[in-house]
Amino acid sequence: MNLTTFAFIISGVCLNAVAQLLLKAGTNAVGVISLTPQNWFATGIKLATQLPILGGLTCYVISLIVWIIGLSRVDVTIAYPMLSLGYVISAVGAWYFLGEAVSAQRLVAIGVIIVGVVLLTRS
């Protein structure tokens, strides 16, 4: 995988992780969502007007475009497993920006993911 291809793949992964963090920030502002036939429309409007949610959806669209470009340049057996780096980025971002706890077990799992991706990219 050359540097340009790697840049497309990792950009898609990062944008996807940022989208997750923004969506979570938006849902934190709204609170627990309980859809009923009576409130689904009002809840949808409330979600659609949250800037973090709109930003998250925008990141998803851009990540999809970047991901498709990356997929056109590398085998899916290489690209798809690299999505697991999104778990690492999301966990660090959730800890740093959202104040979520990252336990020792999660840190070990993140380490395993990183080792797996390194092995994959070197194959």
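Leaving aside neighbours within four places in sequence, Thr5 is in contact (heavy atoms within 4.5 Å) with Gly70, Arg73 and Val74. This is a predicted model, in which local features need pLDDT of at least 70 and side-chain atom pairs count only at pLDDT 80 or more, while totals for chains, interfaces and linings use all residues. Residues are numbered from 1 along each chain as its sequence is written, and side-chain values use heavy atoms, with hydrogens and water left out.

The protein chain holds six helices and zero strands, in the order α-α-α-α-α-α along the sequence. Helices (H or I, at least four residues) and strands (E, at least two) are DSSP runs, numbered from the N terminus. The C-alpha trace spans about 55 × 35 × 25 Å along its principal axes. Of contacts between residues at least 6 apart in sequence, 81% join residues at least 24 apart. Of the 123 residues, 26% count as buried. The accessible surface (Shrake-Rupley method, 1.4 Å probe; for residues, only the protein chains shown count as cover) is about 8,000 Å², and carbon and sulfur atoms account for 70% of that.

Two residues are set out below; buried means under 20% relative accessible area, exposed over 50%, and partly exposed in between (1.4 Å probe, protein chains only).
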